[in-house]
Amino acid sequence: MDRMSPSSRTPAPELLLVGGGGAMTLSVDVAVQALEQAHARGLRTHVTNTADTLAATPAVAAAAGATSAVDFADPAATADWAAARAASGQRSAVVFGVREMAQEAVAATARALGLPGNPHESVRRIRTKDACRSALAAAGFRQPAVRLCADEAEARAFLASSAGPWVVKPRDGADSAGVRKVGGAAELPGALAELPDRTAPFLVEEFVEGAEYSVEGVFVDGRPRVLAVTAKEKLEPPYFVEIGHVLPAGLPEGTRREVEDTVTRALTALELSFGLFHVELWLTARGIVLGEVHARIGGGWIHRMLPYALPGLELYGAVYDDVLGTPVELPAATRAAATRYFAPPPGRVTAVEGWEEVRAHPAVLYAELAVAPGDLIWGYRSGGDRVGAVVVGAPTADEARELARRLVESVTFTVEAPETAPDGAAPRVSVTVEQRPLTASFQISHMTIETVDIVRLRLLPSDGTASGEGEIAADIGYGQDGSAIAAEAEALASVLAPALAGPVADPVAALRAGLDKAHADGVSAPARMLVEMAFLDRAARTAQVPVWRLLGLPEPGRVHLLHTVPIGDPIPRDGRPLKIKLGGPDDEEVLRSLAGVDAPLILDANRGWDRQDWERVRPLVTALAPAVLEDPVRDPALLPEIRAALPRTAVLLDEGVATPADAEFAVRAAGGLNVKLMRFGGILPALTALTTATDQGAGRMLGCFLEPPRAIAYAAQLAGLSDWSDLDGHFWVSDDPAVPGYTLDSSEPGIPRISYAKGGPA
């Protein structure tokens, strides 16, 4: 997808803005400013981004001279694309990026084009937080003790060997997502459950006690030049959500110079020399402790604060001028600016007062508010949860800080706790959590599961209305915290209950709309599934039909199961289709033992193989020619090679497939997908993914986690739309017999029950 502006006979130099802007308003504002400052210098502009984000950021596309759909998450592919353009005569003069996640692609592309930029290895180092800590410590800078952990056991060992409290965080993330303070081992499981990717290695580091600051600057002639030091204010832990910024920070002159000297020496030690920088640090009793280092300007509307405090500053223009050989003059700070975020209490917003007066205040540089009456506020775990901000300018830092605080506090939010929503006809919501041991240990490539939390949500009848019930199992190993899911589901169900209480023309459409909004608001997929189950069960009981008929699905018929064999379990040879879990140390031995098995084989490595592993097992896998190879490798770049080696095997992706965009990638990259309701958020989004896969002729598996029979039966209503049904997760959670298949008993309205060939309904 290219949109080109008319070209002149002698085209002006071009800025290639890799990664464009993200969908958040702040990211769009940064990208548009970067493009505007390029145009002011006579530069042509070309923006790359993923196709869906280009479509979601029309303001960025409108400000660009041209756009191309290139995924910055693949630095090598971005560099190859740019090199091919250059070979055809479309060469860029400046390669730049404003987004954190695009910086590796920026560096790789600049190197491919022979243009100024940071070394790719240096950018990768600072984006890998433990590697950056090691490099800074080796260079003599103070750093907190940190450990890269693969699982909870390693994290507990680090806690036992170091002084607390600690911080759990992703190895490579942004915006404080998944970052949480823990005071001891008892708080560790909850923190691990909130990591964005529970299967990836993560960091545990010692918590640093001290005032937090950041340093903003630009590289000129390859040397770091500090523009300002920013003071930060955060909400109370356990999360690290920034609530206010002020610059320039009111530091004593000697301290400020020490901070600036420390940061510039650290940037030089890390071999960074291009673009903008944002370095975090703490002032502690033992001196300056450096935090994270970024090769971009700080968030929190710092890009709006700096030009006010330093009149005449053009952040991005300074970078372009430096590349193009134009002298760069950096102004001094003569004023101050502050940002303050709104943090109303969680609940449903019923009224907002005073907002228009704040927007009209003459000192306001920027203001936004993302909630209105009817919206739900879920609380604050990362920067993405904040609901609005006010940016102001003033003569001094103290005046700016006080004005921002006063303006934010002048806006009054009336927030109604969800459980007090007044509607006598609405069902009452009851949620329980029960820890349940598995009937046997369940081992896959990256974990062993012993227990799950059974979370049950019931809609209790009121004024003669029907009841409804949802039930799922939450496993901490998959990042599913039963108590957290229960709280989310209870809040969401309490909000939806009044709206769905009375006569509704299309209860399914109304429920879908409410769940879509909850998804946009950040409610987890397991919580949405639990709520969806209860409300669809209630709607089907009201209509006196089973759920599958309410949704217009074909009658499920008999569900023929795969027999899942966890790592280390004996392999049965009774003719049943086998789903063999791989990704362990004995994969070659297991694969050899499968030779001659007279049953369809499904091999599932749970992304447990790297290239070396694949090369080692490739001859054995190709000899077996399994019916399905599921999630074979961590690196999707290996998938074309694997598909070519196994022309008669369906290759499916599972881990991380949770949205329509994920489903489209799985179909494109692998040719198929495994749909799990707990990942997608229920039967409605899962149905959409299966329908899309069907339309594209892709392989389809309907899967599950370790779940109770009610959740399995709920998912099994989609079995007629899949090629394989991997719906035996309840055999580890309940006393139900491990059988080759079952039917669904739909003799009563609501969610069907599992019925076995022998015995009654489950």
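Let's start at E14, which sits in strand β2, spanning residues 14-18. Strands here are DSSP runs of E with at least two residues, helices are runs of H or I with at least four, and both are numbered from the N terminus. Keep in mind that this is a predicted model: local features need pLDDT of at least 70, side-chain atom pairs count only at pLDDT 80 or more, and totals for chains, interfaces and linings use all residues. Residues are numbered from 1 along each chain as its sequence is written, and side-chain values use heavy atoms, with hydrogens and water left out.

With a relative accessible area of 2%, E14 is buried; that word means under 20%, while exposed means over 50% and partly exposed lies in between, using a 1.4 Å probe and protein chains only. What does E14 touch, leaving aside residues up to four places away in sequence? The list is L43, R44, H46, R85, R91, S92, A93 and V94, where contact means heavy atoms within 4.5 Å. To R44, the E14 side chain also makes a side-chain polar contact of 3.4 Å. Such a contact is a pair of N or O atoms within 3.5 Å; within protein, one must be able to donate a hydrogen and the other to accept it, and residues adjacent in sequence count only if both atoms are side-chain atoms.

Next comes helix α7, residues 129-138, whose buried residues are K129, D130, C132, R133 and L136. Viewed down the axis of α7, these fall within an arc of 160°, so they line one face of the helix. The arc is that of the directions from the helix axis to the C-beta atoms. After α7 comes G140, with a positive phi near 95°.

Further along, an open sheet of 4 strands is ordered β6-β9-β7-β8 with antiparallel pairing; two strands pair if DSSP finds at least two bridges between them. Strands β6 (146-149) and β8 (180-182) stand at the edges with a single partner strand each, so one side of each lacks a neighbour in the sheet. Inside this sheet, β7 (residues 166-170) and β9 (residues 202-206) run antiparallel and are joined by 5 bridges. W166 faces E206 of β9 as its opposite residue.

Our last stop is an open sheet of 3 strands, in the order β24-β33-β34, again with antiparallel pairing. Its edge strands, β24 (559-560) and β34 (753-755), each pair on one side only. Strand β24 meets β33 (residues 741-745) in the antiparallel sense over 2 bridges, and H560 has G741 of β33 as its bridge partner.
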